[in-house]
Amino acid sequence: VQLQASGGGLVQAGGSLRLSCTASGSIFSNRAMGWYRQAPGEQRELVAAITTGRSPNYADSVKGRFTISRDNTKDTVYLQMNSLKPDDTAVYYCNAVIVPSTTFRPTNYWGQGTLVTVSS
């Protein structure tokens with residue numbers, strides 16, 4: 001199973017970006033997908049996550065500005081980021097809890113990071 005993320009870039013404060021992440025490979029079921037971020041010198045933190053059958057979960061710092069959504073038919077998760085602030089600058093990582101058809105055990109997967117830079 002692999003996660004492929006895209007959509008990062010440079011944007012001015014107040015602007016918007018949309019991140020995408022698609023899971024591929026031997027997927028039996030996809031239980032949850034989400035986004036984490038890590039700023040320089042900081043720990044990786046949860047930004048938003050969406051679990052099958054549950055409401056999305058957001059970090060307090062992004063509530064009202066970011067929206068996570070998921071296309072189950074494509075095993076893809078999106079993060080729409082509006083009203084971006086310089087503090088949102090970080091490497092954003094896609095995360096998924098997937099049951100692969102090779103093991104049938106829930107496994108945590110990470111995508112490669114995508115850099116989001118918000119200039120003031």
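**Figure 1. Serine 83 in the loop between strand 8 and strand 9 of the predicted model.** With a relative accessibility of 41%, serine 83 counts as partly exposed, because that class lies between the limits of under 20% for buried and over 50% for exposed. The backbone of serine 83 has a positive phi of about 50°, although the residue is not a glycine. Most residues other than glycine have a negative phi. Serine 83 is also one of the residues that aspartate 88 touches.

**Figure 2. Aspartate 88 and its contacts.** Aspartate 88 lies in the loop between strand 8 and strand 9. Its relative accessible area is 1%, so aspartate 88 is buried. Leaving aside residues up to four places away in sequence, aspartate 88 touches Arg37, Arg65, Phe66, Ser83, Val116 and Val118. Between aspartate 88 and alanine 49 the C-alpha to C-alpha distance is 17 Å, with 39 residues separating the two in sequence.

**Figure 3. Aspartate 75 in the loop between strand 7 and strand 8.** Aspartate 75 is not a glycine, yet has a positive phi of about 50°. A negative phi is found for most residues other than glycine.

**Figure 4. Serine 20 within strand 3.** Strand 3 covers residues 17-24 and includes serine 20. The relative accessibility of serine 20 is 17%, so this residue counts as buried; the cut-off for that class is under 20%. When residues up to four places away in sequence are not counted, serine 20 touches Gln4, Ala5 and Ser6, and also Trp35, Val77 and Tyr78.

**Figure 5. The largest pocket and the residues that line it.** The largest pocket holds about 150 Å³ of space. Two or more of the lining residues come from each of strand 4 (27-38), strand 5 (45-51) and strand 9 (90-100). Strand 4 contributes the most, giving 4 residues to the lining. Sorted by class, the lining of the largest pocket has 6 nonpolar, 5 polar and 1 charged residues. Rolling a probe the size of a water molecule over the atoms shows where empty space is left.

**Figure 6. The whole chain, as context for the close-up views.** The chain has 11 strands and 0 helices, and its pattern along the sequence reads β-β-β-β-β-β-β-β-β-β-β. The radius of gyration is 14 Å, close to the 14 Å that the globule rule gives for 120 residues, so the chain is as compact as a globular protein of that length. Along the principal axes, the C-alpha atoms fill a box of roughly 45 × 25 × 25 Å. Buried residues make up 38% of the 120 residues of the chain. Of the contacts between residues at least 6 apart in sequence, 56% join residues at least 24 apart. The chain exposes about 6500 Å², of which carbon and sulfur atoms supply 47%.

How values were computed. Residues are numbered from 1 along each chain as its sequence is written. This is a predicted model: local features need pLDDT of at least 70, side-chain atom pairs count only at pLDDT 80 or more; totals for chains, interfaces and linings use all residues. Side-chain values use heavy atoms; hydrogens and water are left out. On a 1 Å grid over the protein atoms alone, a cavity is a set of points where a 1.4 Å probe fits but cannot get out, and a pocket is an open set with protein on both sides within 12 Å along at least five of seven lines; lining residues have an atom within 4 Å of a point. Grid points are joined across faces, edges and corners, and a volume is the space filled by probe spheres set on the points. Ala, Val, Leu, Ile, Met, Phe, Trp, Tyr, Cys and Pro count as nonpolar, Asp, Glu, Lys and Arg as charged, and the others, Gly among them, as polar. The radius of gyration is taken over C-alpha atoms; the globule rule is 2.2 Å times the number of residues to the power 0.38. Buried means under 20% relative accessible area, exposed over 50%, partly exposed in between (1.4 Å probe, protein chains only). Contact means heavy atoms within 4.5 Å. Accessible areas come from the Shrake-Rupley method with a 1.4 Å probe; for residues, only the protein chains shown count as cover.
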